[in-house]
Amino acid sequence: VFGVVEFGTPYKVLLDVPIIYYGVFFGLGRILASILLAYSGKIKKHFTITSFFRFQTLLFFLLMLSLGVSANPIIVVCIFILVEGFRWGLTQIETGFMLEIIKGSKFKATLLSTKSQLWYFAGALVGYSMGYSIERISYQDTYLYAAIVMVGILTPLWFYIVRSEKKMRL
């Protein structure tokens, strides 16, 4: 999702969404994120690591797919609010699962730092690809393709997590 949502503001400008409301949209996304963060411990109890990553993949795929099929400014704004809220609101749940996996390692900070660096690198690649695609095609088609590529990349990773989780149980 990193590298994709950064194009939300130019897309809203293209759709003639009044710029005066952007702060309100940002605030609504942060309110959703705050609520999710406040209840992250309770939310985490309802998931295993595999079900959580499956949920995230499906959630962000559907949101990106919605951006790819809708040019209605109200729907686009609502989707970006949800994407921002879920993007930031689910981070601590993900971190909690990662800490459970690496709890015995003396390199926790290094592993988490490496994960962060990989995310930023991937975000840069995705951002460049998105910008290039938007310039060549359109916002809608780019978000549609991004959703498909995201599922294409994350599905094998999800299967890897499932296999790894099964091995850890044995």
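Residues are numbered from 1 along each chain as its sequence is written, and side-chain values use heavy atoms, with hydrogens and water left out. Because the model is predicted, local features need pLDDT of at least 70 and side-chain atom pairs count only at pLDDT 80 or more, while totals for chains, interfaces and linings use all residues.

**View 1. Helix α2 packed with helix α5.** The crossing is right-handed. Among the residues that meet are Phe25, Leu28 and Arg30 in α2, and Val77, Glu84 and Trp88 in α5, contact meaning heavy atoms within 4.5 Å. By class, this contact has 11 nonpolar, three polar and two charged residues (Ala, Val, Leu, Ile, Met, Phe, Trp, Tyr, Cys and Pro count as nonpolar, Asp, Glu, Lys and Arg as charged, and the others, Gly among them, as polar).

**View 2. The second largest pocket and its lining.** This pocket has a volume of about 270 Å³ and is lined by 15 residues, of which Val5, Thr9, Lys12, Phe26 and Glu84 lie nearest its centre. Helices α1 (8-14), α2 (22-38) and α5 (73-89) each supply at least two residues of the lining, which by class has seven nonpolar, three polar and five charged residues. A pocket here is an open set of points on a 1 Å grid where a 1.4 Å probe fits, with protein on both sides within 12 Å along at least five of seven lines, and lining residues have an atom within 4 Å of a point.

**View 3. Helix α4 with helix α6.** The axes of α4 (residues 49-69) and α6 come within 11 Å and cross at roughly 150°, in a left-handed crossing. Ile49, Phe52, Phe53 and Gln56 of α4 make the contact with Ile93, Glu94, Phe97 and Ile101 of α6.

**View 4. Helix α6 with helix α7.** Helix α6 (residues 91-101) packs with α7 (residues 108-136) at an angle of about 135°, their axes lying 11 Å apart. On the α6 side the contact is made by Glu94, Met98 and Leu99, and on the α7 side by Lys108, Leu112, Lys115 and Trp119.

Conventions. Axes fitted to C-alpha atoms, helices over the stretch in contact; angles between N-to-C directions. Helix = DSSP H or I, 4+ residues; strand = E, 2+ residues; numbered from the N terminus. Points joined across faces, edges and corners; volume = space filled by probe spheres on them. Left-handed = near helix turned anticlockwise from the far one by under 90°.
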